[in-house]
Amino acid sequence: MKRKIPGYLSYVLLLGLCGLIWGCAPQQPKKLLSEDIDVLTVFADDIAILKNAKYPTNSQEKYLAAKHLAEGVDFALTRNVSTLAKLFRPEDGVVTYTTEYGDEVVFYYNYQDHYVRLRFWFAKKLVTDSEVRIK
């Protein structure tokens, strides 16, 4: 003789299983906003490397520091150019001035066949858009 699971119990088990699947799904770590004051302390070692003139932009040290910073900081809401000066060495950026798309600064750090590219478009002292690529 077969025993049946009551209808309401099967729904409870199904909901529990769904909750277990969604609850255990890997979650992306929270990123700090670029203008958050904690960025300067949490990523102090990486910022010190990025601002150090001793390392070229194609060094492993700067690449790893830029990668760690790009993975842990959300640059989407960056609005102040002075924030970029706090995080990066200005001499490492390449600035392009255009009237069509606005001015742009690119910080490009590479090591062997990997790179981190951080692009920021700005008008005067206001950052209007950003893009981060890691390969």
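Okay, let's start with Lys124, which sits in the loop between strand 5 and strand 6. Before I go on, keep in mind that this is a predicted model. Lys124 isn't a glycine, yet its phi is positive, about 60 degrees. And is Lys124 buried or exposed? Exposed, because its relative accessible area is 76%, and the cut-off for that word is over 50%.

There's another residue of this kind, Gln112, and you'll find that one in the loop between strand 4 and strand 5. Gln112 also has a positive phi, near 55 degrees, and again we're talking about a residue other than glycine. With a relative accessible area of 65%, Gln112 counts as exposed.

Now hop over to strand 6, where Leu126 lies. Leu126 has 45% relative accessibility, so it goes down as partly exposed. What does Leu126 touch, if we skip residues up to four places away in sequence? Arg79, Val81 and Trp121. Have a look at Ser82 as well: Leu126 and Ser82 are 44 residues apart in sequence, but from C-alpha to C-alpha the gap in space is 9.0 Å.

Right, on to the helices. Helix 3 covers residues 44-51 and helix 4 covers residues 60-72. They pack at an angle of about 135 degrees, and their axes are 9 Å apart. That angle is why we call helix 3 oblique to helix 4. If you like handedness, helix 3 passes helix 4 in a left-handed crossing.

So who meets whom there? From helix 3 you have Asp46, Ile47, Ile49 and Leu50. On the helix 4 side they meet Glu61, Lys62, Ala65, Ala66, His68 and Leu69. Sort that contact by class and you get 6 nonpolar, 1 polar and 3 charged residues.

Helix 4 has 13 residues, and at 1.5 Å a residue they should span 18 Å. The C-alpha atoms at its ends are 18 Å apart, so that agrees.

Methods: Residues numbered from 1 in each chain as written. Predicted model: local features only at pLDDT ≥ 70, side-chain atom pairs only at ≥ 80, totals over all residues. Heavy atoms only, no water. Axes fitted to C-alpha atoms, helices over the stretch in contact; angles between N-to-C directions. Helix = DSSP H or I, 4+ residues; strand = E, 2+ residues; numbered from the N terminus. Parallel < 35°, antiparallel > 145°, perpendicular 65-115°, else oblique. Left-handed = near helix turned anticlockwise from the far one by under 90°. Contact = heavy atoms within 4.5 Å. Nonpolar A, V, L, I, M, F, W, Y, C, P; charged D, E, K, R; others polar. Expected span 1.5 Å × (residues − 1). Buried < 20%, exposed > 50% of the residue type's maximum accessible area, 1.4 Å probe, protein only.
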